Amino acid sequence: MPYDSRDDKAFAFDGDWREFAPIALTNLLLCVVTLGVYLFWARTRERRYLWSRTRFIDDRLEWTGTGLELFIGYVFALVLFAIPFSLINFIALNGAMMRGHEGLAALIGFVMYLFLISLTGVAIFRALRYRLSRTLWHGIRGGSDAFGLAFGFSYLWKTVLGSFALGLLIPWSMTSLWNERWGRMSFGPHRFHAEARAGSIFLKFLLFYLAPIIAFFVIAILFAIFGVFAAMLGGFPQGGSEGGGAPPEGFMVILFAIGAAAYLLFFVVLGVVALVYYSAYFSEAVGKLTLGELQFAFTATTKDWIRLFLGNFLLVICTLGVGQVFVGYRNWTFFIRHMHAYGEMNLDTLTQSTTREPGQGEGLLDAFDIGAI
Amino acid sequence: MLSTSARSDRSDPPGTIRVWHYDGVNGLRRAPVLVVDGDRFTLAENGASDGPYAFADLLARDAVAGETVFGLKGRTGWRIGFPEGVPDVLKPLLPKPTRYGGFIDRIGLWPAAAGSAVIAAIVVVIVLNSPSVLARAVPPSVERQLGDLMTGDFGDRSCAGPNGPQALSALVERVDPGDGDIDVRVVNLPVVNAVTLPGGHIVLFDGLIRKAVSPDEVAGVLAHEIGHVKHRDVMESLLRQLGLSVLLGGLDGHVGGYTNALLASAYSRDAEARADDYAMTAMQKAAVTPLPTAQFFTRLSKGEDAKGVGRLTAYFASHPMSHDRAAKFLASAKTHKGDRPALDADQWASLKGICKTDPEAQKKPSFRF
Ligand SMILES: [Zn+2]
């Protein structure tokens, strides 16, 4: 079936938030009364709704995961990793510190930190594999034959190397890890290929990288100008010591207001610049992704990303947190709205995936509280 | 383009229903007719027939836009859908879709929510209250091993200047006579504090000893820590932390963290108040004046705001307000008669210099493996 997204968008979402609200609100209720245990079933219900209202070319997606498998995955990860981890942390690290073996404590801490980074990589890989294996389209699912251990190791060394050279290699580590994990995923008989490159997003990263430094200088200059200005007006002596009198209260209030505004501005600017980079990264990453004859594209601009984040922020704040239950819905519709596909998908050769179906879900990710996109 | 052609232009034989179908082997969407045969059915298309399948092996999937969809047990991707809804004759044979999952669908949303809320309340009460029972059930030998594992011999940080350890033992014997199970050490750190670790290990930091104006003040702090040991507060708080972190692990990171801190600190304030009560009783028995201890808390309270913000944040604090503690110690002084100094001048001098005069402890802490 040849398909060209120029006539008609390949991805479309036809759900409605009023239709989703009963799901979201009953999920919230059940999560509260079960002390969070229902979370895994809630997430499953939410995905079942979102997937089923998402059309790709000529058919809807279907989410086939279950709450129980997510729950089992979480318990596994908790018992196998999180609990031993906190015990080691608590007993070994405290013990070494109390005995005055700072060197040993530092070594234990360092090794655990490296282990935690690799585990994060494994978790990200396995979550992606799980999601593809539970996504059905035309009765066909995705998956991967890899367990993610190799990716965990890559994640470790690429993250460590990425932070070298003062963090300038981060775009490289992000794109190359994206390529590596997607390159091991498949849908039906087709393997994904990802060839995202760091070069094209490096300038935007540099902007993000330099923004705090530039912002710091701008703020410092503003303060200096204000100081000179105040001194010229004879508000109070510059050095502070010779005059002896306390600065007038109005002056302190203004100074404080400027300081607070500068502080706030700093984070707003940094957040916006981070989104400039992230939107470039995500477009590059999705844009260089192919599946068989299909090519993908992601067209959200920085403005779209800012609108998404600001909207989520206001939604949560204005509803005193209840709006949190709609954040997943907003993120998904944002993702589908800007996702495009071009090329061809031949249904005759779209055969069932032969990858091993993972038995349980995103446990590691949950146990270590890592978000994933 | 594949089609799910309308049925109006065909005349299907009776007992057959037009469906769409994926076989889960390839992605082609088929349009067979479902032929019912008792509790089984076959799918017929272009003269070929697929099946038979049992209705009992069907799994209900979510209905989308009025289309009811079913999967088949053990067959990934196998689907049949009824574009015009399920005919009435088939309805009793087909499984019902799950909505909330598991038992909630069986008993209904509101009963399930109410039942879960009751269970949740019981679990919270148990998790909060069982540690005090459990802590007492942990054999002292096990707690001691845990404590040893954590503390060891404190490396070379534990001070032993000339006559210092003897002065320290004398002080312990004075506030807690005839108890051999408590191990008190002074550790060379400039911190005005003391901690109790599992297994009856009490650590007084050198900063506290140096700041103290009299041995009676140190005796007050020591008696408080001994109160923690007698009540097994450390074990209890460890178990409570463990229980809460597992219980609240399901909640979103921050919410869980705050709830955990709030609950844990409420219990910790109770434990602190109990340890203070123990200290006041012990000091009365030992005839050591509580006034310097009261002054110690008054000094601490200088940094607190007893009314506004301080009162409010006290709900998050692990200790009661120093201001209130000072008042309690001050009041307890009224019941004292014939108080004697906790240590004589020589012993006090030795205790004061326990770290300063210990050449081992004065060595700079080194990185050791
Ligand atoms: Zn205490």
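**A tour of the predicted model**

Select A:Ser154 to begin: this residue is buried, with a relative accessible area of 9% (buried means under 20%, exposed over 50% and partly exposed in between, with a 1.4 Å probe and protein chains only). This is a predicted model, in which local features need pLDDT of at least 70 and side-chain atom pairs count only at pLDDT 80 or more, while totals for chains, interfaces and linings use all residues. Residues are numbered from 1 along each chain as its sequence is written, chains are lettered from A and ligands numbered from 1 in the order in which they are written, and side-chain values use heavy atoms, with hydrogens and water left out.

Stay on A:Ser154, which is found in helix α5 (residues 149-162) of chain A. Helices (H or I, at least four residues) and strands (E, at least two) are DSSP runs, numbered from the N terminus.

**Cysteines of chain A**

Next, select A:Cys31, which is buried, with a relative accessible area of 11%. Then select A:Cys318, which is exposed at 62% relative accessible area.

**Rings**

Over all chains, the structure holds 43 aromatic pairs. Rings of Phe, Tyr and Trp (its six-membered ring) pair if their centres lie within 6.5 Å; planes under 30 degrees apart count as stacked, over 60 as edge-to-face and the rest as tilted.

Select A:Phe40 and A:Tyr74, a tilted pair with 5.1 Å centre to centre and 40° between the planes. A:Phe40 lies in helix α2 (residues 39-52) of chain A and A:Tyr74 in helix α3 (residues 67-98) of chain A, so the pair ties together parts that are 34 residues apart in sequence. Both A:Phe40 and A:Tyr74 are buried.

Move to A:Trp182 and A:Phe192, whose ring centres are 5.0 Å apart with planes at 75°, so the pair is edge-to-face. A:Trp182 is in helix α6 (residues 170-183) of chain A and A:Phe192 in strand β8 (residues 190-194) of chain A, ten residues apart. A:Trp182 and A:Phe192 are buried.

Now look for charges over rings. A charge sits over a ring if NZ of Lys or CZ of Arg is within 6 Å of the ring centre and within 35 degrees of the ring normal. Select A:Arg129, which lies over the face of A:Phe147 at 5.5 Å from the ring centre. In chain B, select B:Arg29; its charged end sits over the ring of B:Trp20, 4.4 Å from the centre.

**The disulfide**

The whole structure has one disulfide over all chains (a pair of cysteine sulfur atoms within 2.5 Å). Select B:Cys159 and B:Cys355, which it joins, S to S 1.9 Å. The torsion about their S-S bond is about 95°, so the disulfide is right-handed. Both B:Cys159 and B:Cys355 are buried.

**The zinc ion**

Finish at the zinc ion, with its protein donors B:His224 (NE2), B:His228 (NE2), B:Glu272 (OE) and B:Glu272 (OE), lying 2.0 to 2.8 Å from it. Donors are N, O and S atoms within 2.8 Å of the metal (3.2 Å for Na, K and Ca); water is not among the atoms, so sites may look incomplete. In sequence, the donor residues are spaced H-x3-H-x43-E. B:His228 is in helix α6 (residues 215-231) of chain B and B:Glu272 in helix α8 (residues 253-286) of chain B, 44 residues apart. Both B:His228 and B:Glu272 are buried.
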